[in-house]
Amino acid sequence: MVEELKTLISLQQIDSQILFLKQQSEIIPSEIKKIDDLISKFQKDLENENKKLIELEKRKKDKEREIEDLNEKIRKLKEKTSQIKTNKEYQALLGEIRKVEETIESAEENLLLIFYDIDEFKKRIEQNKRDRLSKKSELENEKRQLEEKINRLHNEIEKLKEMRKNIASNLPSELYEEYKELMKKHKGLAVTEVVNSVCQGCFLHIPPQLYVEIKLNQSIKYCPQCGRVLFFKAKENKEEQQVSSE
Ligand SMILES: [Zn+2]
């Protein structure tokens, strides 16, 4: 195979690898962001739970104050009994006291329910805290692995770029410029194989005469349709012959 074609093929291989690693590394920041979002959502969940607990505590206090006020009201009503003159007034006062007592009773039932709610809610918060803590350490672990992966990918890319520089320096500058143009035009695939006389870049069926020349790999040949540099792998030839002889 002519040396320049070999060099172009190696350059393409290394560039494809770089592109592949770049694509892999580019999706990682959004994965890390997803993890960060989840972790900060945990914090928000905890804040919301604490807010709800404060609300419940406030309801409890309000209820306790309400009961205190009602007890005070009864105390005052009972004080009045000494000033009462008639039985009718007395009965009315007793009725009033009974009413307030009933109100206290239902307020106390209510308070018990609030106590119960607070207890249950505190248990739930504790459980949620534990769940989130273990989930959080899982997520942080995942994040660490992703960060390591992105570093590894960047290092590999840097190494490949170094190798690439060496390879590219072997090409005549005109050919290298041409290669770069093709890379830009075809989003990273400038040099491609011909398999069963089909360009693997644009899937054009290569005319027979050109195909014969490409098979020789003795000069730089281009696809008549997409303009990519074409080459031929001898191994494919055998397969092709096998396929056609079957
Ligand atoms: Zn083509």
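Predicted model: local features only at pLDDT ≥ 70, side-chain atom pairs only at ≥ 80, totals over all residues.
**Entry 1**

I went through the secondary structure next and found six helices and four strands in the chain, which follow the pattern α-α-α-α-β-β-α-β-β-α when read along the sequence. The radius of gyration is 41 Å, well over the 18 Å that the globule rule gives for 246 residues, so I wrote the chain down as more spread out than a compact globule. The box filled by the C-alpha atoms, taken along the principal axes, comes to roughly 130 × 40 × 30 Å. I also looked up burial, and buried residues account for 9% of the 246 residues. Of the contacts between residues at least 6 apart in sequence, 70% join residues at least 24 apart.

**Entry 2: the sheet**

I traced the strands and found an open sheet of four, in the order E2-E1-E4-E3 and with mixed pairing. Its edge strands are E2, at 198-199, and E3, at 221-222, each of which pairs on one side only. Looking at E3 and E4 in particular, I saw that the two run antiparallel and are joined by two bridges. Which residue of E4 is the bridge partner of Tyr222? I found that Tyr222 is partnered there by Val229.

**Entry 3: the largest nonpolar core**

Val229 came up again when I turned to the largest nonpolar core, which has 16 residues; Leu8, Val194, Ile214, Val229, Leu230 and Phe231 are the ones that touch the most other members. At least two residues of this core are supplied by each of helix H1 (3-26), helix H4 (173-185), strand E1 (191-195) and strand E4 (229-231).

**Entry 4: loop residues**

I checked two residues with positive phi. Lys187, in the loop between H4 and E1, has a phi of about 50° although it is not a glycine. Is Lys187 buried or exposed? I counted Lys187 as exposed because it has 8 C-beta neighbours inside 10 Å, and 12 or fewer is the cut-off for that class.

Asn217 is likewise not a glycine, and its phi is positive, near 55°; I placed Asn217 in the loop between helix H5 (208-216) and E3. With 18 other C-beta atoms within 10 Å, Asn217 is partly exposed.

Lastly I looked at Gln225, which lies in the loop between E3 and E4. Gln225 has 13 C-beta neighbours inside 10 Å and therefore counts as partly exposed. Leaving aside neighbours within four places in sequence, I found Gln225 in contact with Cys199, Cys202 and Leu204. I also looked up its separation from Ile14: Gln225 and Ile14 are 211 residues apart in sequence and 24 Å apart in space, C-alpha to C-alpha.

Methods
Residues numbered from 1 in each chain as written. Core = buried A, V, L, I, M, F, W, Y, C linked by C-beta atoms within 7 Å. Buried ≥ 20, exposed ≤ 12 C-beta atoms within 10 Å, placed from the backbone. Pairing = 2+ DSSP bridges. Contact = placed C-beta atoms within 7 Å. Rg over C-alpha atoms; globule rule 2.2 N^0.38 Å.
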